[in-house]
Amino acid sequence: MMRCMFPAVPVEIFDWGRYLGDGDVAGAPVSCFKHVSMGKSWGDISEGVRVEVPNTDSSLPMKVYWIAGIIKLAGFKALLRYEGFDSDSTRDFWLNLCVPDIHPVGWCAAGGKPLVPPQTILHRFTNWKNFLIKRLTGSKTLPPNFSSKVQESMQFPFKKQMRVEVVDKTHLCRTRVALVEQVIGGRLRLVYEECEDGTDDFWCHMYSPLIHGIGWSRSIGHRFKRSDVSKKLDGLMDAPGQLFAKVKEVDQSGSWFEDGMKLEAIDPLNLSAICVATVRKVLADGYLMIGIDGSEAADGSDWFCYHSTSPSIFPAGFCEINSIELTPPRGYTNLPFRWFEYLKESKSVAAPVSLFNKDVPNHGFRPGMKLEAVDLMEPRLVCVATVTRIVHRLLRIHFDGWEDEYDQWVDCESPDLYPVGWCQVTGYQLQPPAVNTGSRELQSAASKQRKKSQQYKGQKKKRKLPIAKRPVSLSGVVVTGVPRSLSGDENETPPDYPSPPTPASAAQPPSADPESSPNIEGGPGSQMKEENTDGPEVPSESTETETNGSSGELFTSQDP
């Protein structure tokens, strides 16, 4: 495959502290992210908790510590103030509570480390010991085992060379076998089994609905691309079934989805759009093959798989009731779109409202909250983002510095959302907000080059490739999603959940966020991310070996 790489453009390290400022900007709390490290054991960490941190306001030649109190929390980040500064906020600073050099009160005394007041306020008291005794009596601190909990939470069950079934990023309608190549913070870099040089890869979280145990496709009747690898090599093992996210069991014996039923669904090739869609095939265990009306390939090679309980499919009328723009079928001229007329014209019926998932957890997200989010159109990238709208359990995620058209609809329990500071804790590279820089010309040129080499016949979302990011491959592999005009070589059903495939060019994992020790002063200027994703279409390739497996109240308007 041809590959086009941008010249390396130096990018300063993004500093969440400066970006969050003095705490006026809110970060989504860690409790919103049950799937992340420490997500379920964050406990009572709150404003007012005291910690021992390095004292950078000292004239002593050795490393010394002092006590600071949490003024504000934003994800894993805490706005801290040294004890003794009282209402003086001039020396407040942001630190990640999960980095190694943050300790509970008492750690210095137990380990013989020096506690030294900041030089700026040294003159305020003559007896600092009495000051601390009075100030700290009755206060809370981190659990004594907090650091070990952080380390334990960074252990993940998926191991290198485990085999899984994952969506084929070039044909969303089917799955393929892939090997786990890397595990970073629970995110997996998977390399398709037949790839010899390791470049044909796919990034997703271990709880992603896009990955399954070996044999899943056959068990539910999902299309699957057989590998030419006839037997497992030494050292390879199938990932145990209990490692994968479980879906809710459903009863398909009574009233159930049927082929041809209409509904609304998030478009996996353009996650900013909710579109008119059709149930194309009912699979086993509650899975459905869905096609976007007006944009489907004749052979169904661009259908995608959602579970019936997926929060990304909705009954007809959901968008209208919740004041969301519904994308009508491409080429449909009877506008404005009305479901009643469309169902009559297409001689079809809408899927019953009772069949859809109505659960809305108390997720804790609020509009305006900052977080780190995967760009699902280029899934190896984790970016600075903001929640801009909430509709029941559906979040509208905006990538800071980018136009609204690049926003994505994401479920509140998506494993592709992370708290502020997650990248730093796990060592994953965070893409900063986009900025107007000279690199725009570079991105624009790359975008034009892509247009020439890729055909796209369906809905598409163009995105300027980010400066310090690796571009996607130009021939055959669609980073943004699967081409809608792929001429598939099979005649059965297509693939898994509507999550965009990851870039084939991500041969290297994101690098670690360098901020590993507290930096009281703040840090380098807030840097920005640029990222680009086209939803190009890929010309059909030669025939590949494939098999098919044997075998209303929620929808009231709500927009906090």
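**View 1. Strand β16 is covered on both of its faces.** In β16 (residues 304-307), Phe304 and Tyr306 lie on one side and Cys305 and His307 on the other, and all of them are buried. Buried stands for under 20% relative accessible area, exposed for over 50%, and partly exposed for values in between, with a 1.4 Å probe and protein chains only. This is a predicted model: local features need pLDDT of at least 70, side-chain atom pairs count only at pLDDT 80 or more, and totals for chains, interfaces and linings use all residues. Residues are numbered from 1 along each chain as its sequence is written, and side-chain values use heavy atoms, with hydrogens and water left out.

**View 2. Strands β15 and β16 run antiparallel.** Strand β15 (residues 287-292) is joined to β16 by four bridges; strands pair if DSSP finds at least two bridges between them. Tyr287 has His307 of β16 as its bridge partner.

**View 3. Leu115 lies in the loop between α2 (107-111) and α3 (128-136).** Leu115 counts as partly exposed because its relative accessibility is 33%. Leaving aside neighbours within four places in sequence, Leu115 is in contact (heavy atoms within 4.5 Å) with Glu52, Tyr65, Trp66, Ile67, Cys108 and Leu132. Asn55 is 60 residues from Leu115 in sequence, and their C-alpha atoms are 8.5 Å apart.

**View 4. The chain has nine helices and 25 strands.** These are DSSP runs numbered from the N terminus: helices are H or I of at least four residues, strands E of at least two. Of the 560 residues, 59% count as buried.
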